[in-house]
Amino acid sequence: MVRLSSPIENIKNHYTVVVIGSGYGGAIAASRLSRAGQQVCVLERGKEFKPGEYPNNTKEALAEMQLDLPGGKHVGSRTGLYDFHIDKDINVFVGCGLGGTSLVNANVSLRAEPRVFTDPRWPKGLRDDLDTLLVEGYRRAEEMLKPTPYPENLPKLRKLQALEKSSKYLNEKFYRPPINVTFEDKVNHVGVEQKACNLCGDCVSGCNHQAKNTVLMNYLPDAKNHGAEIYTQVSVRYLEREGDRWLVHYQLQNAGQEKFDAPTMFVSADLVILAAGTLGSTEILLRSQAASLSLSEKVGHNFTGNGDVLAFGYNTEQTINGVGFGERLPEQQEPVGPCITGIIDMREQPVLDNGMVIEEGSIPGGLAPILPQTFAAAAQILGKDTDCGIGDRIKEKFREAQSLAQGAYTGAVRNTQTYLVMTHDDAAGRMYLESDRLQIKWEGVGKQSIFQRVNNRLEEATRPLGGTQIPNPIWTNVFGHDLITVHPLGGCIMAEDAEYGVVNHKGQVFSTQHGTDVYKNLYVADGSVIPRTLGVNPLLTISAIAERCCVLIAKDRGWTINYDLSSVPVTPATPGKLGIQFTETMRGFFSTQIQDDYQKAAQQGKKDGTPLQFTLTVISDDLEVLLNDPNHPANIVGTVTAPVISPEPLTVTNGEFNLFVLEKDQPQTRQMRYRMQMTAETGEIYYFEGFKEIHDDLGLDVWSDTTTLYITVYAGDSSNSPVLGKGILKIHPTDFIKQMTTIKVTNAENRWQQMQALDRFSRFFVGTLSEVYV
């Protein structure tokens, strides 16, 4: 499977549409508006994962975990796939990667109960469309995601059989829900090759078998097929209005620019669709509001965890086989099955908010080593045994000892059922910024009566299995009945006007604190717009609302979305080659008064107090070309701060870098060259040229030669434009030390390949200097 994302150095200054986020809402917007013939750019903060790259052992899983902790502390890589937000009242787990949380969810595609949409918290415009655009949105989403129940002709699954047994004891409706999983080898409707599910059970750690119908398998490649450009490891910070354009301010992830406190880069757009997820979209709007963008005061309000509850039926008398394969060979394992294959549906209650669903789940095999000790301790402290008797107690202790001695695929853990429950909370949580970190406040949420009812029902569900019911460990008196959710909703909710919500029924963002005025070209299209709990897995409803949003966007602008399938893949991209990148900061002075002498211009700039500074990331996507091409080319992205040119930092695009270019007729002289366009927030474009002269003069000049840049700036988009000024920049020793820590090999398959690439680059760099100076 080829990668969908493009190198960041290819990004343009301006697009018709910029989509922020690549989960269900963002992927749908990118697909549909690309199909409408628009120039679309997708920005995703996470990495792109291909099947085969998802963690399947504990070490790999831990390396992909990131924790956002109270007090502004962050642990782990900011592009880690498993993104945990830890707060006092409720904790949230979301996915971080191209495809968003679709990469790590449990695939269930169920429509919300119709009564959910009769709630007056939904704006009238949407309620009027329930039988038209919303139903059509559901249908179009199902057409792309291809949900289907676990087939009857496939192997029987023990965890599914156990849930059915629980449903009969509860006397509640049971069925196999539609799930976004492929059960046959095929090339799908957008030209992506998929494999039949191998029943490994590792859905929520990332499907390595190309069977899970994440948006990486349908909407995103469809967007790419229709011309959308996709960029990853781009973290959008805030939005700014500049005339008729939107400025999307972002930071590159894993490039090292943050080590220099570099300002944000930006890309401009006619239309922006914010689809960074409930937490991401809310955080971006809150930060935009703090930067003076006029918005409703309801930004961040009405957060809900969709009534999520996680619990376990531990050490039952029935084999469950609910732990994924992990690194174990599939052909040697009893099938676990997709994460969720069954549902006990108790939604049709006299009172809507008393409804709930119970689904069985599987635990990723990468966590298997820690499960025996974890479950044994939790059962001892929190568990409630649903059966009794000395004989039963002896059997339970034997199974527990077996798991502790032989691992999670035996004994008590093998006999443990995972319960995933959705119900209805009061949607009264609030998100806000503190020290530039999103925080969630929702006092007493876990003490709402519905969660005790859920706990009671789970105890009943465990009783026919003869196990110990373990509630979510943090939903206890010890932890203040805190909750964890994998289905965060709200924060940018739909409403009739700005006094009650953040966006209108179309998803357009309100531009004032009162009334119905909106920013006509700013939309939110993800789970954050949903004003209440759905009481069931939300992915399909989020998708249906996003599909409806795209229909309305196109209708209002006279665009036509082509919905014809199948989608023909574009020519596959060339597989990524071994590359290298680094980030550097240079500082100095620049003058517009002197345009013909570098030294005099730098002196005049210092006298006039007109500094110029840049932070640039030099990117070579092909190490062989960098080392062996006579021009030793690479690309440049970054920012330039020059108050005499622009009061705000300029964003660098179309940047070219040449390392150690041999000067004509001067065999002992080399140059490092910088050429790039710089775009101001107002839209003006400037051209930057610079060079470092590498030449052996009297004395020790290697340091000054390699760290001194002579620059010229032109008032236009090329060196043919009028000269605006000149100057000199230098690398400070402290910045050079930081620069050395940013050197990174890209597309390496392993650590050894990384070390070899670094060694070759270092030998070339030092060897060239030796040729000149020694």
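This is a predicted model: local features need pLDDT of at least 70, side-chain atom pairs count only at pLDDT 80 or more; totals for chains, interfaces and linings use all residues.
Two strands are said to pair if DSSP finds at least two bridges between them. The chain as a whole contains 17 helices and 33 strands.

**Overall form and surface**

- The chain has 774 residues and a radius of gyration of 28 Å, which agrees with the value near 28 Å that a compact globule would have.
- The C-alpha trace spans about 95 × 60 × 50 Å along the principal axes of the chain.
- Of the 774 residues, 59% count as buried.
- Among contacts in the chain with a separation of 6 or more, 71% come from residues 24 or more positions apart.
- The accessible surface of the chain comes to about 30600 Å², and carbon and sulfur atoms account for 51% of that area.
- The chain carries 74 positive and 91 negative side chains, and the centres of these two sets lie 3 Å apart.

- Strand β6 (residues 90-95) pairs with β22 in the parallel sense, over three bridges.
- Opposite Asn91 stands Ile484, which belongs to β22.

**The seven-stranded sheet**

- Another open sheet has seven strands in the order β7-β15-β16-β18-β14-β21-β17, and its pairing is antiparallel.
- The edge strands here are β7 (173-175) and β17 (384-385), and each pairs on one side only.
- Within this order, β18 stands beside β14; strand β14 (residues 309-314) and strand β18 (residues 417-422) run antiparallel and are joined by five bridges.
- Gly313 has Gln417 in β18 as its bridge partner.

- Strand β19 (residues 430-434) and β20 run antiparallel, with five bridges joining them.
- Strand β20 (residues 437-441) is mostly covered, with four of its five residues buried.

**Strand β28 and its two partners**

- Strand β28 is mostly covered, since 11 of its 14 residues are buried.
- On the side of β27 (residues 633-641), β28 pairs in the antiparallel sense over seven bridges.
- Pro633 has Asn658 in β28 as its bridge partner.
- Strand β28 is also joined to strand β29 (residues 666-679) by nine bridges, and these two strands run antiparallel.
- The bridge partner of Val661 in β29 is Gln671.
- The hairpin of β28 and β29 has two residues between the strands, and Asp665 in this hairpin takes a positive phi near 60 degrees.

**Positive phi at residues other than glycine**

- Most residues other than glycine have a negative phi.
- Asn654, which is not a glycine, has a positive phi of about 50 degrees.
- Asn654 is found in strand β28 (residues 650-663).
- Asn654 is partly exposed because its relative accessible area is 47%, and partly exposed covers values between the limits of 20% for buried and 50% for exposed.
- Lys146 likewise is not a glycine and has a positive phi, of about 55 degrees.
- Lys146 lies in the loop between α4 (130-145) and α5 (158-170).
- With a relative accessibility of 34%, Lys146 counts as partly exposed.

**Helix α17 and Ser770**

- Ser770 is found in helix α17, which covers residues 751-773.
- The relative accessible area of Ser770 is 32%, so this residue is partly exposed.
- Ser770 and Val702 are 68 residues apart along the chain, and their C-alpha atoms are separated by 9.8 Å.

Methods. Residues are numbered from 1 along each chain as its sequence is written. Side-chain values use heavy atoms; hydrogens and water are left out. The radius of gyration is taken over C-alpha atoms; the globule rule is 2.2 Å times the number of residues to the power 0.38. Buried means under 20% relative accessible area, exposed over 50%, partly exposed in between (1.4 Å probe, protein chains only). Contact means heavy atoms within 4.5 Å. Accessible areas come from the Shrake-Rupley method with a 1.4 Å probe; for residues, only the protein chains shown count as cover. Lys and Arg count as positive and Asp and Glu as negative; His and the chain ends are not counted. The place of a charge is taken as NZ of Lys, CZ of Arg, CG of Asp or CD of Glu.
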